[in-house]
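Look over the sequence and the model, then read the points below.

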Amino acid sequence: MTAIEVPEVDYTEYSNRQLVLVPLAVLALAVLVIGGWYAVTGAPATLGLEFTGGVELRVADDAGGDVEERIETAFDREPDSIRSIPADDVYVVTFRAAADDPEGLASDLESQADAAGLSVEAIDQVSPSFASDTARTTIFGLALAFLGMSVLVFALFRTFVPSIAVVASAFSDLVIPVAAMNLLGIEMTLGIVAALLMIIGYSVDSDILLNNSVLRRTGEFYESVSRAMRTGVTMTVTSIAAMLVMAIVATVFGVGLLRDIGIILAIGLCADLMNTYLLNVALLRWYKFEGVKR
Amino acid sequence: MFEPIKENWRVLLLVVVVLGATVALFAPQFAPETAPGESAENATQGITNLQYGLDLAGGTRIRAPLLGYTATGVDFAGETPTQVASDVAAELEGVSTREVDAVRDDEGTGSDGAGAVEVTDTSVSESEFRAAMDASGYAYDTIRSGVTQETRDAAVEVIQGKINEAGLSGGSVQQVQSITGEYFILVEVPGQGRQDVIDLLEERGTVEIAIAYPDADASDGTARTDGILAQDDFENIGTASRREAGSGAYVPVSVVNEAPEGQRSPAVQFQDAVVEYGVASASGGARCNYDLETNSLGESSDSCLLLVVDGEVVNAFGMDDGLARSMASGGWADSGNFRLTTTSFADAQTISINLRAGALPAELDISGQGTSSTISATQGENFRLYSAIAGVFAVFAVAGVVFLRYREPKVALPMIVTALAEVYALLGFAALVGYPLELAVIAGFIAVVGTGVDDLVIIADEVMSEGEVNSRTVFDSRFRRAFWVIGAAAATTIVAMSPLMVLSLGDLSGFAIFTILGVLIGVLITRPAYGDILRRLLTVR
């Protein structure tokens, strides 16, 4: 039996322009999706409870039968969404914050659920003002992390083109999952924020590996790339496998935070495979064969 | 005999760390501290010393601001804080002095400095307060929403007192600041439902002032008259303040000095009672020596004023000579102000809290700007199980890919074991410092396995590239090359995660802390150890 081998790619067959085309097209598409989202909804992604404010109840069925129906009639406000958690016999009911009447919402809903014989397993209440605060903090934190990473990368390589290649592919790794979230109908939650920050950390690994192999080691360019690729692809695929499995298990059991982190990291790492071995390789090749001479 | 130790010190270090983690996880010496009145079994959850946060154990977290407005940089123009507060309150329709507070900045450093004035009556709008400040004639810098630091501290003390009194182990209260500079009070109570916690926060006790006086007929020589002052008779209960000159602290208190026609005001009644029972006389004030244990006056004690909260005497006071003379002459009731003085600031804080009898100094806005989250105990325990399952499956996925890729147990098996040792060391650390495990922390563990294995792949590939590893020197130089990449990757992860550690974004700081810790343990301990293991396996044949 032979081990799985990372496929060898013959980069000589493609020009830099061809290599860059695919990742740039995907990036442009992603930016377009996010821009469109922003123009239509006023936010770059579908915002979850933590960013809009509202109440989320986790309701368990205690008497049996027709829970969904009873949920719909139990509350005097129409729930914005009802989600069932298969493994747990629990329903997650979400109410967006009403700007006109935020007072005592959670308490009212709790007593209404009790009156309808539904036992409340968990209540989360987020006020709109706190939610907008969270949104601001998130953007600030993401910007700060990205900036810190960029500065560090420039300090590590001290040459413009290879450094900007890492930063550009990290940027694309962040933008693509956000666009994918919009298309898949996943809401922006704090778990997603954590995942995005982790993408900044994770995705740079394979880029650093590639740059290191090409710039700091002796050996021919294509040999260096294929060596870095063998290691890098193994790393990324391992992580994708872990994240996909975690996302699936967490979805079945209704652990929202882990599911969000798993899905977004898996998408981000897939994007990273493309960006590292197309965009980054092309930029490095241009730098190595043409950029240095100038 | 030291040669093997020197050669394998990295592996030995890992073994020591794992043993240390085992001790921290299972040794009873490291078990969580028990709350008063709680047995050790109750404090320990499960067989390990690990503690679980709200979302894995059940409980309620409430985060809400204290309502009010504060004028900062107020020029007191030589007046006392009490005077300033009552002047501002006079300009606000229907607001009692109790809802207005004035605090000097840098208490204790002189009487000329600027200060802050706050209003905690929720019916007062910002513009009304601004108008009142303008009308009162005190110059000020700005008006912001929120209350003063002193009031926040007092609120935290009150809530902490309530949590302790209710015997809720693991309950905590703290102040947190958002990125916009607003302050919030964060209350966490494990094992309690949302409504229970809100009820606890809003619950109020009764407070009254009684007088104990010597009585030769009583067996312990003490007689007591209750109800000298009741809760509603206080017009204002200040926050604890440091004395302007000398040491010591005090709580300013004013008693209502107005009454309908034909009735005596509470201040007058208090004044009369104090003189009648001998706390104050024309010659001076009483020297109080009250024994709180036996509830009786001590040897040669004069009469005492008693502070009674929920039927229990919590403090006893004598009276200052100057105050006593003005009481005896009947002039005191015109102002109705006095100070309860103590030797230490902490005592003054306790008294201020006792006088409030559990009422918060400002309203906690839970339903409006607050955020709360509650998880039932069963749901929490389920989450604990589910997240463990998700974690185990993620590790299996990693192991599967690694085995498929290398097909060599010699390389892959140590890889998985090393990555797991990393998580185990982190669990030990969590148990050691008593950091409560939350879902976010579990996600951090899974992230650590991911980055850990990534780095081990880098080491393995680098070491095994370019043919056989036949000498130690070859191995070492390759290992060092691999380590540059690992160090750089670790540094970027730490940089990317550090904002989360300090920003207040829900539970995510736990996630960031454990990811960063995991990366550090990985780079410093487990990955060098893996290198050593791999070297033995590859070079010795």
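**A strand pair in chain B**

In E5(B), Ser145(B) is the bridge partner of Tyr69(B). Strand E2 (residues 69-75) of chain B and E5(B) pair in the antiparallel sense, over four bridges. Two strands count as paired if DSSP finds at least two bridges between them. Helices (H or I, at least four residues) and strands (E, at least two) are DSSP runs, numbered from the N terminus.

This is a predicted model: local features need pLDDT of at least 70, side-chain atom pairs count only at pLDDT 80 or more, and totals for chains, interfaces and linings use all residues. Residues are numbered from 1 along each chain as its sequence is written, while chains are lettered from A and ligands numbered from 1 in the order in which they are written.

**The sheet in chain B**

- The order E3-E4-E2-E5 (chain B) describes an open sheet of four strands, with antiparallel pairing.
- Strand E3 (100-104) and strand E5 (142-145) of chain B are the edge strands, and each pairs on one side only.
- From one strand to the next, the twist averages 20°.
- Strands of a sheet pair through backbone hydrogen bonds, either parallel or antiparallel.
- Helix H5 (residues 81-90) of chain B lies across E3 and strand E4 (114-119) of chain B, and runs at about 145° to E3(B).
- Axes are lines fitted to C-alpha atoms, for helices over the stretch in contact, and angles run from 0 to 180 degrees between N-to-C directions.

**Where the chains meet**

- In all, 64 residues of chain B are in contact with 66 residues of chain A (C-beta atoms, placed from the backbone, within 7 Å).
- H12(B) gives the most to the side of chain B that touches chain A, with 17 residues.
- That side of chain B divides into 37 nonpolar, 22 polar and five charged residues.
- Here Ala, Val, Leu, Ile, Met, Phe, Trp, Tyr, Cys and Pro count as nonpolar, Asp, Glu, Lys and Arg as charged, and the others, Gly among them, as polar.
- Strand E4 (residues 118-126) of chain A runs antiparallel to E20(B), joined by four bridges.
- Gln125(A) has Ser372(B) as its bridge partner in E20(B).

**Chain A**

- Chain A is divided into domain 1 (11-47 + 130-291) and domain 2 (54-126), with bounds from an automatic or database domain assignment.
- The centres of the two domains of chain A, taken over C-alpha atoms, are 37 Å apart.
- An unreviewed UniProt entry lists "transmembrane region" for residues including 164-184 and 261-284 of chain A.
- UniProt positions are given in the numbering used here, feature names are shortened, and annotations may be inferred rather than shown by experiment.
- Residues 164-184 of chain A are 100% helix and 0% strand, with end C-alpha atoms 30 Å apart.
- Residues 261-284 of chain A are 100% helix and 0% strand, with end C-alpha atoms 31 Å apart.

Technical notes: Two residues are in contact if their C-beta atoms, placed from the backbone, lie within 7 Å.
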